[in-house]
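Here is a friendly walk through a structure that may be new to you. Please keep the 3D view open while you read, and look up each residue as it comes along.

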Amino acid sequence: MIVGAIVTAAFGSNASSPAGVVIDWVPNGGTGATPAVTQLPTTSPPMAVSGFVFPIEGGCLPEDDSLMPGALREYRNGTHEGVDVYDSDNCEFVGLETEVLAAKSGTVVRADWIYEDLTEVSLAELEEFVQQGAITPDVEDAFRGRQVWVEHADGTVTRYAHLAGIVEAVDVGSTVSQGEAIAFVGESGTPESVNDPGTQVHLHFEIRIGDDYLGAGLDAETVRSLYEAAFVADQ
Ligand SMILES: [Zn+2]
């Protein structure tokens with residue numbers, strides 16, 4: 001099908017535009033800079049994936065672009081790399097311990113069974129890094145809280161973050177089926193988990209392609225269309 005062909009072409013081109021269009025962007029892992037897109041690819045379609053199910057049963061993409069990938073996140077001087085599934089902007093109830101589903105079948109490559117919740121002390125340390133502009137991947141990772149990552153046969157990886165817990169059978173190396181419950185919604189890793197508990201309960205869900213997130217560096221409208229396409233079943 002068409003989408004599969006696009007994926008193959010995009011992987012094969014090693015992320016540089018075949019049409020010679022220069023996308024001047026800044027990686028998000030540290031500088032906190034907004035991806036600066038000097039020119040969007042116009043002659044070739046953006047990389048696309050499909051065949052995922054939404055990681056909350058009955059859930060959907062939020063309407064607010066600030067909950068989508070590419071949005072700014074000032075508290076950590078960075079860019080949002082996933083989809084935030086909050087009860088306040090979704091078509092399904094999302095609460096503490098709501099089941100998180102594997103968006104596609106695959107192999108678990110990360111499961112944070114050993115996880116220490118943020119404390120006032122550890123949060124203060126993280127915020128110090130942010131203030132100093134010293135945001136490393138480790139700092140960004142800490143703000144995602146307890147996580148599960150699943151690698152899929154198409155080369156993508158899905159990440160599920162801010163989890164309250166993990167389903168018992170899920171650990172590194174285990175295989176999961178599409179739609180299988182793998183974890184539970186929480187708010188781990190958020191500053192509010194320390195400062196104002198119970199106010200940031202949501203799932204942060206990422207689709208990773210190579211070293212970046214699906215839609216990196218693209219405008220909000222394009223990002224949304226890519227995620228809509230991702231949740232279309234493969235034919
Ligand atoms: Zn998020």
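Asp 84 has a relative accessible area of 3%, so it counts as buried, the cut-off being under 20%. Please bear in mind that this is a predicted model. Asp 84 is also one of the protein donors of the zinc ion: the donors are His 80 through NE2, Asp 84 through OD and His 204 through ND1. They lie 1.9 to 2.1 Å from the ion. Written as a sequence pattern, the spacing of these donor residues is H-x3-D-x119-H. Because Asp 84 belongs to strand 3 and His 204 to strand 11, the pair ties together parts of the chain that are 120 residues apart in sequence. His 204 is buried as well, with a relative accessible area of 3%.

**The chain as a whole**

Now step back for the wider view. The chain holds 6 helices and 12 strands. Of its 235 residues, 48% are buried. Take the contacts between residues at least 6 apart in sequence: 70% of them join residues at least 24 apart.

**Helix 6 and its buried face**

Which residues of helix 6 are buried? In this helix, which covers residues 220-230, they are Val 223, Arg 224, Leu 226, Tyr 227 and Ala 230. Looking down the helix axis, you would find these buried residues within an arc of 160°, and so they line one face of the helix. They pack against strand 3 (83-86), strand 11 (202-209) and strand 12 (212-213).

The N-terminal end of helix 6 has a cap, Asp 219. A side-chain oxygen of Asp 219 lies 3.1 Å from the backbone nitrogen of Glu 221.

Tyr 227 sits in helix 6 and has 0% relative accessibility, so it counts as buried. Leaving out residues up to four places away in sequence, Tyr 227 touches Leu 61, Met 68, Pro 69, Glu 81, Val 83, Ile 207, Tyr 213 and Leu 214. Met 68 is 159 residues away along the chain, while the C-alpha atoms of Tyr 227 and Met 68 are separated by 9.2 Å.

Arg 224 is the other one to look at, and it too lies in helix 6. Its relative accessible area is 18%, and because the cut-off for buried is under 20%, Arg 224 counts as buried. What does the side chain of Arg 224 reach? It reaches the backbone oxygen of Pro 62, at 2.9 Å. With residues up to four places away in sequence again left out, Arg 224 touches Leu 61, Pro 62, Glu 63, Asp 64, Asp 65 and Met 68.

**Aromatic rings**

How many aromatic pairs does a search of the whole structure find? It finds 3. Two of them are set out here.

| Pair | Centre to centre | Angle between planes | Type |
|---|---|---|---|
| Phe 54 and Phe 231 | 5.1 Å | 55° | tilted |
| Phe 205 and Phe 231 | 6.1 Å | 35° | tilted |

Both pairs link distant parts of the chain. Phe 54 is in the loop between helix 2 (28-31) and strand 1 (72-73), whereas Phe 231 is in the segment after helix 6, 177 residues apart. Phe 205 lies in strand 11, 26 residues apart from Phe 231. Phe 54 and Phe 231 are both buried, and Phe 205, at 1% relative accessibility, counts as buried too. Ring pairs link Phe 54, Tyr 160, Phe 205 and Phe 231 into a cluster.

The charged end of Lys 104 sits over the ring of Phe 52, 4.0 Å from the ring centre. In the same way, the charged end of Arg 159 sits over the ring of Trp 149, 3.9 Å from its centre.

**One last contact**

Finish with Ser 50, found in the loop between helix 2 and strand 1. At 7% relative accessibility, Ser 50 counts as buried. Its side chain makes a polar contact with the side chain of Asp 234, at 2.4 Å.

Conventions. Residues numbered from 1 in each chain as written. Predicted model: local features only at pLDDT ≥ 70, side-chain atom pairs only at ≥ 80, totals over all residues. Heavy atoms only, no water. Buried < 20%, exposed > 50% of the residue type's maximum accessible area, 1.4 Å probe, protein only. Helix = DSSP H or I, 4+ residues; strand = E, 2+ residues; numbered from the N terminus. Arc of directions from axis to C-beta. Contact = heavy atoms within 4.5 Å. Polar contact = N/O pair within 3.5 Å; in protein donor to acceptor, adjacent residues only side chain to side chain. Phe/Tyr/Trp six-rings, centres within 6.5 Å; stacked < 30°, edge-to-face > 60°. Lys NZ or Arg CZ within 6 Å of the ring centre and 35° of its normal. Donors = N, O, S within 2.8 Å, 3.2 Å for Na, K, Ca; no water.
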